[in-house]
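I am opening my notebook on a new structure.

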Amino acid sequence: MNNIYPRILPVGDSAVTVEFSDSISEEINRKIRIFYENISKENIKGITDVVPTFRSVLISYDPRLVLYRNLCKKLEKYLYMTSGKDDKKKRIVLIPVCYEGEYGPDLKFVAEHAGLSTEEVIEIHTSRDYLVYMLGFQPGFPYLGGLDERIFTPRLSVPRTLIRAGSVGIGGEQTGLYPLASPGGWQIIGTTPVKAYNPKKTPSIPYEAGDYIRFYPISKEKFSEIEQEEARGVYEFQVEIQDNLGV
Amino acid sequence: MGILFLNSGLYTTVQDMGRNGYQKSGFHVCGAMDRRSCLLANMLLDNSDNDAVLEFTMMGPKIRFTSNAIIAITGGNYSPTLNGNPVPMYQAVYTHKDDVLEFKFAADGNWGYVAFAGGLDVPMEMGSRSTDVKCKLGGYHGRKIENGDQIEFLANKTHLNNFSSRKLDVPNFTADVTEIRVVLGPQDDYFTRQGINTFLSTEYILTSQSDRMGYRLDGAYIEHNEKGSDIVSDGIALGSVQVPADGKPIIMLADRQTTGGYTKIATVISSDIPKLVQCKYGKKIKFKVISVQEAQALYRIELNEYDAIQNQICKSEPEKVASGNIIKRIVSIFKK
């Protein structure tokens, strides 16, 4: 059976999409990350932006500097590369979350829906490292994979007009956090005091596609403490680096 | 030295050519909706291509100059007046301290631009002065202009050489139906043959549910095949034409989200984005398919045109150029 992937398709005259699959998986995400790292390293003339997503990479370019066919030729050799720079390490960003009371307005609903206690939901939510498949929708909004199916919960039937910045939630089979206040339909089970998007910092976002996020529970007091550290500009994200044994 | 907003207008923002390089983190590109008009305004004033300008729509601003300046107005025709007198578009114009520049409603076109010699002084954020209102980033404090706001110029430029050469034809955007050329894909294989035919044969109406994020069109329903209307979220390019399950096209523009899960039937070519965005709500649009190669050839012709304009502005004699059309245009520019 012919596998049409990977393939390059034109997206108008100033972009191409490099597709690796039509589905989501950690393996595909790894291929995308390797491809993205390798072409970023190369600094191909004419490329103005690169967006890695679940199963493809959108590459914007200036046709004044490179034409479609030439760009495809340059990209081709990267399609089949199987290793990249940071392939051997797993970078995990730890995100503190207060799940108590008004910080997690929908936690009770999620628990009831799952037939579990709220403690069990928190235990499940904080027991995994979630792969950041991509960022989109807002700066720093992570599309995470790996949510435990026991706590899959449908989105709100009527979205909230405003979800507070730092809200951590579950929407269907996805989990994630909102760096910025926004309307949204996710079930909010907790809130983080950290700024996942902080324009005053460099980098302004502490993680990127290919990193992992782990949530850990904190008290209301700790929440205030970290909130003040962020306000003073002294908060530092805790990051764990593990050897990537799966490679 | 700069400007004071006596009236902000309905939606006035500072824009340049956009914020590139950060889409992977979820940042929008933003930038001028009509990059051609933005570029021409800067070229007329010897500004750099990426100098920040004002962009406005629906109802334009009313501005008082706090110092002498030189301006160029391009894009949609908002009946600009200087101290109550009509002021020409698409040419460099001297203004003086305490002059009042006013824009009203668009007689023609949708997005208006005014560039100031020396460029607008707002902080460069992540390589751009474009306003990202959602992220509260860039431009004037990350938001649209309000009454009473003041912006300075980056440089105090009150004199330019070759002033009489700083004049271009004024385009019009009055067509009832505008042909917009597209390259098919990347999800054209999610549509039936009939769906694609409908897309290419219908005169779609530009609805008022349109803004800097995207233009929503109304018209004949575009049919998907069994693959459906949803895809695993992927990147959205400028000019991507999304078609959700309701079968109506949405063209993604400057403030678009970086990723999305609707099928994209085609992408508007770069050279046709300016005339697309200048369509007033209620006007019609008809799509035509061309190849990537043809689209890129058109883009290069456009670049050559800019070079010719640049030469015309810098020298007082017409330059020998390859294309007959460009010669005609230059000749007409010099007719006084």
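I started with B:Glu305, which is buried at 11% relative accessibility, because the cut-off for buried is under 20%. I kept in mind that the model is predicted.

Next I looked up its partner. The side chains of B:Glu305 and B:Arg36 form a salt bridge, at 3.0 Å from N to O. B:Arg36 sits in helix 1 of chain B and B:Glu305 in helix 4 of chain B, so this pair ties together parts 269 residues apart in sequence.

B:Arg36 also meets B:Glu302 in a salt bridge, at 3.7 Å. I noted that B:Glu302 lies in helix 4 (residues 292-314) of chain B. B:Glu302 is buried at 12%, whereas B:Arg36 is partly exposed at 24%.

Then I turned to chain A. A:Lys89 and A:Asp243 form a salt bridge, with the closest N and O atoms 2.6 Å apart. A:Lys89 is in strand 5 and A:Asp243 in strand 14 of chain A, 154 residues apart. I found A:Lys89 partly exposed at 45% and A:Asp243 partly exposed at 49%.

How many salt bridges cross between chain A and chain B? I found one. It joins B:Asp234 to A:Arg55, at 3.6 Å. Both residues belong to a network of salt bridges that includes A:Arg7, A:Glu19 and B:Lys264.

Last, I checked the whole contact. Chain A gives 45 residues and chain B gives 39 residues. The buried area is about 3100 Å², with 56% from carbon and sulfur atoms. I counted 13 residue pairs in polar contact between the chains. Strand 3 of chain A gives the largest share of its side, five residues.

Terms used:
Residues numbered from 1 in each chain as written. Chains lettered and ligands numbered in written order. Predicted model: local features only at pLDDT ≥ 70, side-chain atom pairs only at ≥ 80, totals over all residues. Heavy atoms only, no water. Contact = heavy atoms within 4.5 Å. Buried area = accessible area lost by both parts, 1.4 Å probe. Salt bridge = Lys/Arg side-chain N within 4 Å of Asp/Glu carboxyl O. Polar contact = N/O pair within 3.5 Å; in protein donor to acceptor, adjacent residues only side chain to side chain. Helix = DSSP H or I, 4+ residues; strand = E, 2+ residues; numbered from the N terminus. Buried < 20%, exposed > 50% of the residue type's maximum accessible area, 1.4 Å probe, protein only.
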